[in-house]
Amino acid sequence: MNQLADLRKDYTQASLDEGSVCKDPFQQFEIWLNEALKAQLPEPNAMVLSTVGFDGSPSSRVVLIKGVDSQGIVFFSNYQSVKGRQIAQNPKASLLFFWPELERQVRIEGLLERVSAEESDAYFHSRPLESRIGAWASAQSEPISSREALAKAFEDFRQELGPQPPRPDHWGGYRLAPHRFEFWQGRPSRLHDRIEFRIDSSDTSESSNAQRLWAIRRLSP
Ligand SMILES: Cc1cc2nc3c(=O)[nH]c(=O)nc-3n(C[C@H](O)[C@H](O)[C@H](O)COP(=O)(O)O)c2cc1C
């Protein structure tokens, strides 16, 4: 434990300023995501998805970002998994990226909805065959008797579905429509930069999140 208490890193690489940050948080996010991709970080596309459990407790796991546009952030999963059932009951969620080599964290909060069947089909059919069979073979989050039982289910589906398996109805995408972003850049002496974007609550128009005005403010580290 002493070792843990002594672990300390000073953050010195970069800064983030409310004057120079993009006015559109999606643009700012894409810049940072591209920098994480360019820096060849291990799994820069991994993000922690937190959902609301059935009893209101938080529930977190890693998923992979598969797309981002002005409507939101997309990932794919099993609609009948624990997270899928939680989302059906409560669509509030947060996403968290941590890119330690860049001394950056991004927090995104919003509401989840399923992407269209066409969007799920397009992504499903771009996946390697084994992953497509796996989507059939894994009743994600359910208990299974053994590793062998999983391997057998995989083989059985491989035989049954052939080389062009359709997308199972229980598998597809979600899009998080954000109402809050926070960009964190580590700085020396723990005086980190935290720039928050929130949808301006005075903007009551019918426009989508993407077209709304974002209020920007600096938060204390
Ligand atoms: C690096 C990494 C990437 C993952 N990507 C996904 C993903 O894109 N979709 C997914 O459903 N699960 C993904 N998982 C597995 C989830 O973390 C989790 O185990 C699974 O979705 C079941 O979660 P649930 O029981 O809370 O529904 C990934 C795990 C790791 C460590």
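Buried means under 20% relative accessible area, with exposed over 50% and partly exposed in between (1.4 Å probe, protein chains only). This is a predicted model, in which local features need pLDDT of at least 70, side-chain atom pairs count only at pLDDT 80 or more, and totals for chains, interfaces and linings use all residues. Residues are numbered from 1 along each chain as its sequence is written, and side-chain values use heavy atoms, with hydrogens and water left out.

**View 1. The protein as a whole.** Of its 221 residues, 38% count as buried. The C-alpha atoms fill a box of roughly 60 × 55 × 40 Å along the principal axes. Six helices and nine strands are present (DSSP runs: helices H or I, at least four residues; strands E, at least two; numbered from the N terminus).

**View 2. The shell around the ligand.**

View 3. A polar contact is a pair of N or O atoms within 3.5 Å. A polar side-chain atom of Lys83 sits 2.6 Å from a ligand oxygen atom. A polar backbone atom of Phe76 is 2.9 Å from a ligand nitrogen atom. At Leu64, a backbone N or O atom lies 3.1 Å from a ligand oxygen atom.

**View 4. Cover on the ligand.** On its own, the ligand has 610 Å² of accessible area, and the protein covers 63% of that (Shrake-Rupley method, 1.4 Å probe).

Technical notes
Polar contact = N/O pair within 3.5 Å; in protein donor to acceptor, adjacent residues only side chain to side chain.
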